[in-house]
Amino acid sequence: TSPHISPYLPSPAGASVETYLLERSRVTRQAEGERNYHIFYQLLAGASAAERQRWRLLPAASAPYVSGCVSVPTLDDAAGYAEFCEALGTFDAKAEEREALFLCLSALLHLGDVDFSEASSPVRGGEPQVEPVDPARLQVAAELLGLEPAALLAALTTRTVTALARGESESFSVRLDGAKTRHARDNLAKAVYSALFDWAVG
């Protein structure tokens, strides 16, 4: 937080908030004994039955991004969820904004549960054949993000390369292998969380 102090007033005249070094890697991987960001555990612990059904929430043990240190004796995650929802109301977040926020957070939990299998190309020297191990998990993540499953799959398993020759550019898609696809999945999760964080503090 950066306060703006007026030399003519005895109190701050305003303030601005900037995101500084958000630890994005924590969204997809935590060191032993560490947790992901609290909001994930608060959501899983405090959401009502109707919310859990609407957001298709996973049990923490089934969500790889948060399945490490699930509970901390000194923290009440359900109470934290209630406080977070109250804070959203204090900041006049609209109902549709809150719904979109929790849909995206739930989508990230599902995205971490999407894994991929890789098969060799039937053509010698051909591109790897990468497919989701369980397409239904990819579909849920896509639906929560408001995307078509095919579009999400393409975004995770391919990259676009643009080549310039003789003053003209040509773009084509290259299929990624399993390791790079998982890396793309994790990068997407980090980018979405970062955007949500910027919205929340902006």
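**Rings and a pocket in a predicted model**

Biologist: How many aromatic pairs does the count come to?

Modeller: Keep in mind that this is a predicted model. Rings count as a pair if their centres lie within 6.5 Å. By this rule, the count of aromatic pairs comes to 5.

Biologist: Take Tyr37 and Tyr193: is that pair stacked or edge-to-face?

Modeller: Their ring centres are 4.8 Å apart, and the planes meet at 15 degrees. Planes under 30 degrees apart count as stacked, over 60 as edge-to-face. So the pair Tyr37 and Tyr193 is stacked.

Biologist: Which parts of the chain does that pair link?

Modeller: Distant ones, with the two residues 156 apart. Tyr193 belongs to helix H7, while Tyr37 lies in the loop between strand S2 (12-16) and helix H1 (38-46).

Biologist: And is Tyr193 buried or exposed?

Modeller: Buried means under 20% relative accessible area. Tyr193 has a relative accessible area of 8%, so Tyr193 is buried.

Biologist: Which residue has its charged end over the ring of Tyr41?

Modeller: A charge sits over a ring if NZ of Lys or CZ of Arg is within 6 Å of the ring centre and within 35 degrees of the ring normal. Here the charged end is 3.9 Å from the centre of the Tyr41 ring, and the residue is Arg35.

Biologist: Which element gives the most to the lining of the largest pocket?

Modeller: That pocket has a volume of about 450 Å³ and is lined by 17 residues, with Phe84 and Phe197 among those nearest its centre. Helices H3 (77-90), H4 (95-111) and H7 (178-201) each give two or more residues to the lining. The top contributor, with 6 residues, is H7.

Technical notes: Residues are numbered from 1 along each chain as its sequence is written. This is a predicted model: local features need pLDDT of at least 70, side-chain atom pairs count only at pLDDT 80 or more; totals for chains, interfaces and linings use all residues. Side-chain values use heavy atoms; hydrogens and water are left out. On a 1 Å grid over the protein atoms alone, a cavity is a set of points where a 1.4 Å probe fits but cannot get out, and a pocket is an open set with protein on both sides within 12 Å along at least five of seven lines; lining residues have an atom within 4 Å of a point. Grid points are joined across faces, edges and corners, and a volume is the space filled by probe spheres set on the points. Helices (H or I, at least four residues) and strands (E, at least two) are DSSP runs, numbered from the N terminus. Rings of Phe, Tyr and Trp (its six-membered ring) pair if their centres lie within 6.5 Å; planes under 30 degrees apart count as stacked, over 60 as edge-to-face and the rest as tilted. Buried means under 20% relative accessible area, exposed over 50%, partly exposed in between (1.4 Å probe, protein chains only).
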